[in-house]
Amino acid sequence: MTPTRRRLLAAPLVLPLAAPFIRRAAAARTITVAAYSGIFQENYEPAVVDAFRRAHPDLEVTYYPIANSAQALGLVRAQKAAPQIDVVIMDVSVAKTGTDEDLFEPLPKGSLPVLDELTPKAFIPGVAGPAVLFDNYVLLYSPPQVKPAPTSWKVLWDASYDGKIAVQAAPDIVGIALTLIANKVFGGGDYHQSVAAGIDAIAKMAPHVLTWDPKPDSYTFLIEGTAALGVGWNARGQTYARQSQGKLGVAIPEEGSLFQINTINLVKGSREPDAAKAFISYALGTAAQKAFTERMFYGPVNTKAEISAEALARTAATPERLAKMLDVDWIAVAKMRDSITDQWRRKILRVR
Amino acid sequence: MALLLLIPAVAVNLLVFLWPMLNLAALSFRDALPGGGIGQVLSLGTWKDLLTDGYYWSLLLNSVVVSLIITFAALLCGYPIALFVHRASPRWRNLLMVACIAPLLVSAVVRTYGWLVLLGDRGLLPSLLRGLGWARPPRLVFNEVGVVVALTEILMPYMILSLLAGFGRLNPVLEEAASSLGARPFTVFRRIVLPLTVPGILLGCLLAFVLAVSSFITPSLLGGGRVPLLATEIYDQAIVSLNWPVAAALSVIVLAVFGVALTLYGRLSRAEA
Amino acid sequence: MGRVAFHALVGVLFLFLLAPVILVFPLSLSADSSMAWPPSGWSLRWYAALVQHPGLMAALRNSVLLALLVTAAALLLAIPAALAIARGRFPGREALFALLTAPLLLPTIVLGLALLILFAGYGLIGTWIGLVLAHLLVAMPYATRVLVTALGTLPAGLEDAAASLGAPPATVFRRVTLRLILPGVAATCAIVCLVSFDETVISLFVVGPRLTTFPVALFRYVQSRTDPLVAAAAAVMILFTLAVVIVLDRLIGLKRAVGG
């Protein structure tokens with residue numbers, strides 16, 4: 001081998017060796033915010049995270065997309081020794097588990113000025129972080145394929161939609177919520193005692209289900225016409241419904257639905273707790289709440305945010321939607337989540 | 001002197017291989033506490049739960065059956081190619097070898113994605129079938145069919161290479177002799193070609209089976225959440241449920257399956273030789 | 001079975017084998033926003049989207065850098081070890097060689113889990129050190145094996161001759177041994193580089209939000225969505241692999257490198 005060739009080999013080896021150290025020296029303070037992937041990220045990042053970045057040019061904010069809260073919890077747990085996530089948005093029942101495991105720093109009323117602006121419903125006993133976005137569970141349907149618009153959850157058990165149902169399985173909270181709904185609709189009684197009726201009902205539905213893991217999500221499956229029915233969340237559903245011009249319908253069936261709370265949590269052991277708190281304050285503040293609700297129709301927690309009536313009408317917090325909500329104790333569900341997930345794995349996902 | 005040279009490599013091996021593996025095996029003898037905690041005392045609890053739970057047995061059975069189907073399919077698809085490459089002229093042989101090895105250089109994520117495009121509901125094959133007048137072609141992804149098809153293709157290069165390595169004893173003169181004596185082509189294949197290629201078949205099947213049992217990327221992307229296998233369960237238990245003792249015990253079971261396959265291979269190839 | 005039928009069968013099987021890889025290229029040029037086939041038009045928009053995707057581009061940089069770091073580390077560790085194993089005469093030589101190459105025989109999902117459990121306790125998840133160590137786990141067996149083979153095929157006489165002419169051992173190593181095994185070293189570089197660049201399953205267990213690799217980022221992307229951006233990324237990955245192979249071929253000749 002000639003000397004030139006040897007140098008050719010050596011140069012690419014040596015240069016990058018130094019690179020991480022060079023970059024480290026110049027690195028600013030960074031925080032990592034973990035929140036949902038997909039359409040949530042597509043809207044939350046420009047509406048909230050980018051605005052925060054502009055307001056804090058000294059901070060580097062990474063948005064780490066996660067498919068669901070259960071995965072986020074797993075991630076935070078695995079990094080307990082050296083957390084790489086500073087702020088995590090997750091649903092309240094998973095946040096309860098995380099709080100019980102001492103993964104989050106409590107943010108009680110008074111710990112941040114912005115917390116005084118929040119509705120009392122934003123503070124959930126036993127959960128470290130406050131609520132940041134309200135939502136509710138909905139039945140999704142494809143108006144061209146499902147006529148007339150469905151009025152009952154039982155449409156999911158209608159054999160004429162064989163192979164046309166897309167549902168995200170447990171441990172995703174969408175699957176957990178479906179268990180509670182099915183339990184009620186099929187006469188399972190108090191879910192605190194048993195959800196056996198719900199599990200059995202979903203097992204009966206299973207052969208008709210196209211996929212338990214729709215990618216990117218059930219909404220897209222419906223819009224593309226691959227599926228005709230699904231379950232999901234009001235805010236995402238409303239956003240997609242508006243974008244797709246009639247290819248997606250969002251319904252709250254007559255049996256009622258579930259209210260959902262997304263919380264924002266500060267990870268214990270964060271290397272940048274002040275920067276993380278600054279982000280949390282911003283996310284709960286009037287500007288972010290207004291911007292995001294007007295963009296994606298999550299129910300706001302900040303009572304001072306002045307949100308357009310048109311956007312508010314699409315959120316979970318309207319009186320007519322609130323009237324249809326069933327009582328659900330997500331804190332109690334937190335303790336049942338692992339067992340429900342286990343039953344899904346054993347009794348539902350294996351049924352063909 | 002020689003031992004000194006070995007110290008750094010062996011130290012790294014101990015650090016990233018032996019220690020983690022022993023630690024893993026030891027962890028299966030601890031209890032999982034709710035919420036990802038791990039008990040401090042040695043216990044057979046995790047193993048007892050696992051072995052008395054029909055779910056994990058069916059998982060093991062499912063894994064083994066699916067892997068056997070994939071192995072058999074890879075053998076069926078790989079054998080003609082290997083035979084063809086083996087018989088090709090040297091110049092063609094090199095080119096064909098490159099075509100066989102090339103997919104190995106492409107990440108399994110990418111190849112699985114390729115299959116998603118081919119088999120997906122709006123992908124190439126269903127579109128083709130619909131074009132041929134089949135209004136509702138069967139679903140090819142998000143079930144076992146997709147996983148089997150894609151893994152067969154992904155493991156075929158290993159099968160082909162193993163077959164070729166074992167084809168050494170195959171001699172065209174023998175085949176010609178048999179046909180000139182009036183044997184029909186199929187008889188020649190059954191009586192001459194097949195017996196001579198058994199070593200390659202055994203090696204290829206071992207490799208394909210072992211890789212199928214431990215494959216994770218393809219089942220998790222193409223399974224649609226309804227193809228529960230040991231490998232996907234290990235990942236779910238480790239990352240989502242954070243039940244490390246169960247994940248560790250399942251890993252030990254996978255290693256045991258490996259052991260059985262290896263032993264079987266040893267027996268068969270000795271019996272054959 | 002007729003010859004024509006056999007050839008047709010082989011042709012179909014080759015198509016089956018190569019279809020998913022080949023398909024990636026036309027799909028990466030799709031103008032659609034979903035991966036439906038056939039695309040309704042052609043464009044380079046997904047390559048543009050890839051370049052503008054901060055997460056994937058950062059992961060790509062990480063992966064290239066990681067591959068180089070792992071290659072350098074694997075060489076530093078494996079060359080002395082291979083020398084000792086190929087040239088040394090000591091008890092337990094075979095056992096040590098088996099130990100060094102053993103990780104190759106075990107399922108990556110198990111290795112990944114083992115590392116996760118150990119690394120989590122020491123805060124090594126999602127760090128450069130953790131990733132380099134994890135990749136060394138799979139890279140070292142390849143490096144050791146290729147180098148031991150390369151050393152084993154060398155005529156030992158040349159080194160003895162140099163030594164008998166009075167050259168000190170270090171000089172013998174530098175001027176004789178190293179030169180002779182350069183093709184083997186180059187092959188090791190290429191193999192380790194590719195192994196590290198493609199490694200997905202073990203990485204999946206040890207990456208973190210602050211540090212992730214390209215195949216893992218791609219895996220996560222495919223998990224959440226299926227637009228042609230992945231095809232563009234896949235095409236880039238295939239071209240990177242091809243580049244490594246071609247550079248290797250130019251430098252030393254492919255045949256010599258793999259010992260053919």
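How much area is buried between domain 1 of chain A and domain 2 of chain A, and what percentage of it do carbon and sulfur atoms give?

**Ground rules.** I am working on a predicted model, in which local features need pLDDT of at least 70, side-chain atom pairs count only at pLDDT 80 or more, and totals for chains, interfaces and linings use all residues.

I took domain 1 of chain A as 26–134 + 261–317 and domain 2 as 135–259 + 329–348, bounds that come from an automatic or database domain assignment. The area buried between them is about 2100 Å², with 59% from carbon and sulfur atoms; buried area is the accessible area (1.4 Å probe) that two parts lose on being put together, summed over both. I noted that I39(A), S93(A) and R314(A) supply 27% of the area that domain 1 of chain A buries against domain 2 of chain A, more than any other three residues. I then looked for salt bridges across this interface and found 0, a salt bridge being a side-chain nitrogen of Lys or Arg within 4 Å of a carboxyl oxygen of Asp or Glu.

**Salt bridges elsewhere.** Over all chains the count comes to 15 salt bridges. I looked up E101(A) and R77(A), whose closest N and O atoms are 2.8 Å apart; the pair links distant parts of the chain, 24 residues apart, with E101(A) in the loop between helix 4 and strand 4 and R77(A) in helix 3. Helices (H or I, at least four residues) and strands (E, at least two) are DSSP runs, numbered from the N terminus. Both E101(A) and R77(A) are buried, where buried means under 20% relative accessible area, exposed over 50%, and partly exposed in between (1.4 Å probe, protein chains only).

**Helix 8 of chain A.** Why is helix 8 of chain A largely enclosed by the rest of the structure? I found that 9 of its 11 residues (234–244) are buried, so the helix is largely enclosed; among them are N234(A), R236(A) and Y240(A). Just after helix 8, Q245(A) takes a positive phi of about 50 degrees.

Methods. Residues are numbered from 1 along each chain as its sequence is written. Chains are lettered from A and ligands numbered from 1 in the order in which they are written. Side-chain values use heavy atoms; hydrogens and water are left out.
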